[in-house]
Amino acid sequence: MTVETEHIEVSVTVIIPWVSYLLADSVGYSGIVSIVFCGIAMARYALPNLSESGKALLNKFYHLLAYNFENIVFLFIGLGMVGFNLAFKEMGIGLCVCALIIITIARYLNIRGVSYLLNISRSDNHIQIQH
């Protein structure tokens with residue numbers, strides 16, 4: 001396969017969900033639901049027909065897209081923290097300290113719980129406590 005063919009495969013695979021969204025939205029249906037069902041259908045029928053190099057290129061493209069959108073979300077969250085009039089004046093520094101403590105406790109309990117459940121189902125390669 002040529003590089004041009006791989007680019008066409010990836011372009012069509014990326015454009016089809018967008019067109020599905022536009023069509024559903026234009027007739028008044030949910031575009032998000034349209035994208036979900038389009039993705040299910042494409043995973044079943046389109047992805048097995050891609051070349052191996054096209055699959056690799058598509059995988060890299062979606063990883064890049066996800067990474068960039070994740071950074072944009074955190075950028076907007078950071079801007080929202082300082083750009084809007086939130087309850088910091090009324091709550092003071094106690095809000096930030098309480099939030100950090102609660103987040104740390106929730107993360108600890110989540111990691112411990114998931115590690116415990118994984119260790120129950122594994123016969124070897126247990127997750128150690130110090131990790």
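A residue counts as buried under 20% relative accessible area, as exposed over 50%, and as partly exposed in between (1.4 Å probe, protein chains only). The model is predicted, so local features need pLDDT of at least 70, side-chain atom pairs count only at pLDDT 80 or more, and totals for chains, interfaces and linings use all residues. Residues are numbered from 1 along each chain as its sequence is written, and side-chain values use heavy atoms, with hydrogens and water left out.

The protein chain holds five helices and zero strands. Helices (H or I, at least four residues) and strands (E, at least two) are DSSP runs, numbered from the N terminus. Along the sequence the pattern reads α-α-α-α-α. The radius of gyration is 22 Å, well over the 14 Å that the globule rule gives for 131 residues, so the protein chain is more spread out than a compact globule. This radius is taken over C-alpha atoms, and the rule is 2.2 Å times the number of residues to the power 0.38. Along the principal axes, the C-alpha atoms fill a box of roughly 55 × 50 × 30 Å.

Buried residues make up 14% of the 131 residues. The accessible surface of the protein chain comes to about 10,800 Å², and carbon and sulfur atoms hold 70% of this surface. Areas come from the Shrake-Rupley method with a 1.4 Å probe; for residues, only the protein chains shown count as cover. Of the contacts (heavy atoms within 4.5 Å) with a separation of 6 or more, 43% join residues 24 or more positions apart.

Two pairs of residues illustrate distances across the model. His7 lies in helix 1 (residues 3-26). His7 is partly exposed, at 43% relative accessible area. His7 and Leu58 are 51 residues apart along the chain, and their C-alpha atoms are separated by 9.0 Å. Ile111 belongs to helix 5 (residues 93-121). Ile111 is also partly exposed, at 42% relative accessibility. Between the C-alpha atoms of Ile111 and Gly31, 80 residues apart along the chain, the separation is 35 Å.

Charges were examined next. The protein chain carries 7 positive and 8 negative charges, whose mean positions are 13 Å apart. Lys and Arg count as positive and Asp and Glu as negative, while His and the chain ends are not counted. Each charge is placed at NZ of Lys, CZ of Arg, CG of Asp or CD of Glu.

Side chains of opposite charge can pair when their charged atoms come close. The structure holds one salt bridge, defined as a side-chain nitrogen of Lys or Arg within 4 Å of a carboxyl oxygen of Asp or Glu. The salt bridge joins Glu52 and Lys55 (3.7 Å, N to O). Both residues lie in helix 3 (residues 52-83), three residues apart, about one turn of the helix. Glu52 is exposed, at 62% relative accessible area. Lys55 is partly exposed, at 31%.
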